[in-house]
Amino acid sequence: MVAGASEGLGVAFARHLAAREMNLLLIARRADLLEKVSGEIRQRYPVEIRCLVQDLGDAQLAEVLREATEGLEVGVLVYNAAYVPTGSFLDTDPESLQQLVGVNVQGPVTAVRTLAPGMCQRKKGAIILMSSLAGMQGVPRIAAYAASKAFGTILAEGLWYELREYNVEVTASCAGAMPTPGYLRNFKQDAPGMMDPSTVAEMTLEALGRGPRFIPGWVNRIGALVTTRLISRKSAIQLMGKSTGHLQ
Ligand SMILES: NC(=O)c1ccc[n+]([C@@H]2O[C@H](COP(=O)([O-])OP(=O)(O)OC[C@H]3O[C@@H](n4cnc5c(N)ncnc54)[C@H](OP(=O)(O)O)[C@@H]3O)[C@@H](O)[C@H]2O)c1
């Protein structure tokens with residue numbers, strides 16, 4: 001299952017999972033894009049694909065997922081979707097923040113809580129929560145998004161420990177910048193260590209089983225080392241604030 005699979009990194013995950021001969025359940029809100037992605041993958045790989053048009057921030061998500069996965073053994077869950085409201089916190093309308101909590105916080109909790117029991121019962125499975133370097137310190141102008149990514153990373157770490165006795169691997173992938181449609185809508189400039197989404201998806205799948213937290217790309221790993229270990233917290237936040245300065 002790839003939650004958030006109509007464009008960007010989610011499509012790259014879907015392609016790499018199909019290349020590993022896994023059938024797909026793709027979720028997103030835009031039915032036309034989901035159909036396009038599934039059509040393209042079906043042409044290249046002999047896999048079965050189902051699409052679910054669904055808002056992952058919906059309060060009924062657990063029920064919808066239970067229904068959509070009835071009779072299926074979901075072996076890999078990639079929770080990829082995220083909502084990124086940009087600009088100052090005070091100028092962000094409360095509905096946007098509510099949506100962020102729904103998609104970035106409530107969504108992964110619900111998806112994991114719904115699908116992990118089956119994996120644990122079968123003693124086999126993998127869960128990837130897509131996170132971000134933004135979740136490693138406060139980030140001005142995407143403050144709530146960064147906080148939601150910290151939530152995802154920490155959730156994955158705890159679950160990595162809890163679920164390993166059931167042979168279910170959990171990893172948070174803390175990616176740096178990728179030129180996806182979502183990124184290009186919000187950010188006007190390239191960032192250091194920018195990576196291709198396909199490479200990030202492939203590296204993340206390869207990293208399963210190697211630990212609770214993975215940072216794709218050596219430039220990003222060095223960046224994380226600098227901001228979390230080598231400079232003060234205050235300096236790290238100020239540095240982030242400079243990089244998001246254009247998001248007024
Ligand atoms: N791009 C980057 O630079 C970057 C860096 C670090 C981490 N990440 C993380 O990587 C992941 C993917 O990022 P991306 O840049 O590929 O995002 P994107 O281009 O904006 O794509 C997001 C995907 O999630 C789906 N989605 C968003 N809100 C949804 C909702 N409410 N319900 C269902 N589906 C929803 C979108 O489909 P619909 O709109 O059709 O619903 C789309 O398929 C995110 O978790 C992000 O935090 C990205």
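The following paragraphs lead from the overall build of this predicted model to one pair of packed helices and then to the surroundings of the ligand.

The protein contains nine helices and seven strands. Its radius of gyration is 17 Å, close to the 18 Å that the globule rule gives for 248 residues, so the protein is as compact as a globular protein of that length.

In general, a pair of packed helices is described by the angle between the axes and the distance between the axes. Helix α3, residues 61–68, packs with helix α4, residues 94–122, at an angle of about 40°, and their axes are 9 Å apart. Because of this angle, α3 is oblique to α4. The crossing in which α3 passes α4 is right-handed. On the side of α3 the contact is made by Leu61, Ala62, Leu65 and Arg66, while α4 contributes Gly107, Thr110, Ala111, Thr114 and Leu115.

The ligand is the next point of interest. It is surrounded by 29 residues, of which the closest are Gly4, Gly8, Arg29, Thr180 and Gly182. At least two residues of this shell are supplied by each of α1 (9–19), β2 (24–28), β5 (125–132) and α6 (181–186). The largest share, three residues, comes from α6. In the shell as a whole, 16 residues are nonpolar, nine are polar and four are charged.

Key: Residues are numbered from 1 along each chain as its sequence is written. This is a predicted model: local features need pLDDT of at least 70, side-chain atom pairs count only at pLDDT 80 or more; totals for chains, interfaces and linings use all residues. A residue is near a molecule or strand if its C-beta atom, placed from the backbone, lies within 6 Å of it. Helices (H or I, at least four residues) and strands (E, at least two) are DSSP runs, numbered from the N terminus. Ala, Val, Leu, Ile, Met, Phe, Trp, Tyr, Cys and Pro count as nonpolar, Asp, Glu, Lys and Arg as charged, and the others, Gly among them, as polar. Axes are lines fitted to C-alpha atoms, for helices over the stretch in contact, and angles run from 0 to 180 degrees between N-to-C directions. Angles under 35 degrees count as roughly parallel, over 145 as roughly antiparallel, 65 to 115 as roughly perpendicular and the rest as oblique. A crossing is left-handed if the near helix is turned anticlockwise from the far one by less than a right angle, and right-handed if clockwise. Two residues are in contact if their C-beta atoms, placed from the backbone, lie within 7 Å. The radius of gyration is taken over C-alpha atoms; the globule rule is 2.2 Å times the number of residues to the power 0.38.
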